[in-house]
Amino acid sequence: MNGKKVTVTMNKLPRIQRVHSKWNKTRILLVKKGLKNYVPDTRKLSRATLETMLNLYQMVYVKPDHGTYGKGVMRVEKELTNQGVRYAYQAGETRRGFTTLDSLYASLQSKKTKRIYLIQKGIHLLKYNKRRFDIRIMVQINPQGRWESTAWIGRVAAPRKIVTNYHSGGTPTAVETLLKHYMSPSDIKAFHQKLNRLGVDTARQFARKYPRVKEIGLDIALDRKFHPWILEVNTKPDPYIFRKLKDKSIARKVYRYAKAYGGV
């Protein structure tokens, strides 16, 4: 390096890489053996995959391959009634029922855009005050250049909504508040450490494929056995949500790290 000191100014930091395709992000996770057990079955939407997935899981989520804030997400169900098999889906607060798979699929096709859509195994989320919730884990490159899970927060869906996203009416809530009816304080602490490790492992896996990824927001669903499922990996996570936490030092840390690599 000819002995010269190299100074990197903020405006010369390498541009942060963002990965938009949910399908590509899912495939990245499935390559890593240690992460596969945390990824719900996910496939590209077609009539055949819709039929297969509903037969396997009875409840699935259909979502656009490219999209943010939970827009375009639909919850689809297969129900066995006294009158036979029925199907239904919910988009926003509207729920529609169908007597055949073909009529269901035709309606889904009319709702979605021309973009690629995915179909994902449905996870029956835990609830808080009868409302579904999931967890966002923030993972960032720290000042020492290593991946670190810096924050976690719960997101409680608005009444009658199927998505928990803050921009869709979800309520940011401390995870400890959401889990205290399910776990002891010591169990919550151990579970936090487990999710922190999962977050770092996921970030490292992404960085192998996309070395300019510097932060991820990991959306985690918990099933009734408290198994964590990675619903999505966001490579442009919104740090604002952490300002809603009572402990303001958490948000300050998230913003401090993000500024160091040009994330905000």
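I began at the end of helix 3 in this predicted model, where I found that helix 3 is followed by glutamine 58, whose phi is positive, near 65°.

I then went back along helix 3, residues 47-57, and looked up which of its residues are buried, and these are Thr49, Leu50, Met53 and Leu54. Because they cover an arc of only 125° around the axis, I placed them on the same side of helix 3. For the partners of these buried residues I noted strand 1 (42-44), strand 2 (59-64), strand 3 (74-81), strand 4 (84-91) and strand 6 (117-121), together with helix 4 (101-111), against which they also pack.

From there I turned to helix 4, in which serine 107 lies. Leaving out residues up to four places away in sequence, I listed Tyr89, Arg96 and Phe98 as touched by serine 107.

My last entry concerns helix 1 (residues 22-31) and helix 6 (residues 185-209), whose axes come within 10 Å and cross at roughly 110°. As angles of 65 to 115 degrees count as roughly perpendicular, I recorded helix 1 and helix 6 as roughly perpendicular to each other. On the helix 1 side of the contact I found Lys25, Ile28, Leu29 and Val31, which meet Thr202, Gln205, Phe206 and Lys209 in helix 6. Sorting the residues of this contact of helix 1 with helix 6, I wrote down 4 nonpolar, 2 polar and 2 charged.

Methods. Residues numbered from 1 in each chain as written. Predicted model: local features only at pLDDT ≥ 70, side-chain atom pairs only at ≥ 80, totals over all residues. Heavy atoms only, no water. Buried < 20%, exposed > 50% of the residue type's maximum accessible area, 1.4 Å probe, protein only. Helix = DSSP H or I, 4+ residues; strand = E, 2+ residues; numbered from the N terminus. Arc of directions from axis to C-beta. Contact = heavy atoms within 4.5 Å. Axes fitted to C-alpha atoms, helices over the stretch in contact; angles between N-to-C directions. Parallel < 35°, antiparallel > 145°, perpendicular 65-115°, else oblique. Nonpolar A, V, L, I, M, F, W, Y, C, P; charged D, E, K, R; others polar.
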